[in-house]
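Grab a pencil and keep the 3D view open. Let's work through a few exercises together.

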Amino acid sequence: MKDAPKVEVAPAKGRLGILIPGMGAVATTFIAGVLAVRKGIGQPIGSLTQMGTIRLGKRTENRVPMIKDFAPLSSLDDLYFGGWDIFEENMYESAVHAGVLDKNLLDDIRPEMEAIKPWKGVFSKDYVKKLDGSYVKTGGTKWDYAQMVMDDIKSFKDKNNLDRMVMVWCGSTEIFLKPEDVHQTLAAFEQGLKDDHPSIAPSMIYAYAAIKMGIPYANGAPNLSADIPALYELAKQTQTPITGKDFKTGQTLMKTILAPGLKARLLGISGWFSTNILGNRDGEVLDDPASFKTKEESKLSVLDQILQPEVYPDLYKDYYHKVRINYYPPRGDNKEGWDNIDIFGWLGYPMQIKIDFLCRDSILAAPIVLDLALFLDLAKRSGFSGIQEWLSFYWKSPMVLEGLYPEHDIFIQLMKLKNTLRYMMGEDQITHLGADYYEYYR
Ligand SMILES: NC(=O)c1ccc[n+]([C@@H]2O[C@H](COP(=O)([O-])OP(=O)(O)OC[C@H]3O[C@@H](n4cnc5c(N)ncnc54)[C@H](O)[C@@H]3O)[C@@H](O)[C@H]2O)c1
């Protein structure tokens, strides 16, 4: 096997700007959380970059640094936030509206939150039927809007004296779109922007603007956005890392933890029924069938890949998988997700597992936004570009190179992520199989 080339990682010096299209529940919970951690009034729980460790070398070496001490990541003190929305509320107002975080906590960081005001969004109701925003850019073609987004980014950079930037889409889920001719090449896509092509959604315009400027891009929603050949081409051209789609939180997180375990023990599954109630704006948007279809596709794909029914027909061939999302306003952001799993064991005897997850969507999503921002910036400084499969850990529908299937098993995803960090930093990959292990047994 040929040796992988050495990676030169540029230091994380200076300021990192985090650009966020869509400054609702997830974005405000993320920003407020970083500000709270900086002030020492909260802990970044759920964040691999802040709380995770990484084993290096052999177990006997006892080298287990924190990830943030091992890889040169930006410090939380160096982060600056900017973004777009279709409502004019500042981050304090938007966080109060989202109702995720305690008012007392928000009051402790109120001036900093109030100082972050969104720029006018690129929006059309054609792509999110349930929203009516008035704070939007007008009077141009999609091409013009892309230029306006780039202008916003340039002035944010200058104003805050930023060294680098990343963009994480936290906007609403757009309607289901399939890749078409206009998405296949950069030339066709740029022409489509100029022609106001209906299959170019707002999230693609932000993604185009970022990638064109060499700014890494992550897509937290299930809509296509940067997951089209035209933008892979641009990402390679401008040497920009991209990643997505759809933050892996809540029920799908549970699925990708449980399903690999059941499969590891070769327990059969005859059915997996998942239903949710949630009452935030995201839930309202997903109440529209066109936006729900995008989410449903994203949620359904996970089990098939993990269970491999074609390899294990006796265990998984005919399993029935259903996912439901119900908008129920009284719950706000505090979703309740039920799973009923019908499994079978030795001689086909049936058993059942019931899960009732009283989860908080944005509390689970916020650390993902932080990790993605820091890891994408690290990827850029390491000279990585295009689709970053090593970040599959964070996604319900990981973007993959053409011809490959996505990896959904969270344990394989974590191994891939940590091995990529080891590779970047010139450490040995850990396979759990050392030469001394063989010697002992033979
Ligand atoms: N919270 C989670 O656990 C989770 C998990 C996976 C994916 N997501 C996705 O993350 C996204 C954000 O979730 P949320 O709970 O913060 O939703 P939210 O409704 O609170 O926030 C979304 C924000 O995006 C804004 N927006 C919509 N279209 C826009 C546009 N074109 N330009 C600028 N702003 C726009 C909306 O006005 C809103 O403020 C959603 O797409 C959701 O499906 C969330």
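This is a predicted model: local features need pLDDT of at least 70, side-chain atom pairs count only at pLDDT 80 or more; totals for chains, interfaces and linings use all residues.

Residues are numbered from 1 along each chain as its sequence is written.

**Exercise 1.** Find which residues surround the ligand and which are closest.

*Solution.* Next, look for the main supplier: H15 gives the largest share, 4 residues.

**Exercise 2.** Work out which domains the shell around the ligand draws on.

*Solution.* First, get the bounds, which come from an automatic or database domain assignment: domain 1 is 16-247 + 363-424 and domain 2 is 251-358. Their C-alpha centres lie 26 Å apart. Then check the shell: each of domain 1 and domain 2 gives at least three residues.

**Exercise 3.** How do H1 and H15 cross?

*Solution.* Helices here are DSSP runs (H or I, at least four residues), numbered from the N terminus. Take the axes, lines fitted to C-alpha atoms over the stretch in contact, with angles from 0 to 180 degrees between N-to-C directions. The axes of H1 and H15 come within 8 Å and cross at roughly 65 degrees. H1 and H15 are therefore roughly perpendicular (65 to 115 degrees).

Notes:
A residue is near a molecule or strand if its C-beta atom, placed from the backbone, lies within 6 Å of it. Helices (H or I, at least four residues) and strands (E, at least two) are DSSP runs, numbered from the N terminus. Angles under 35 degrees count as roughly parallel, over 145 as roughly antiparallel, 65 to 115 as roughly perpendicular and the rest as oblique.
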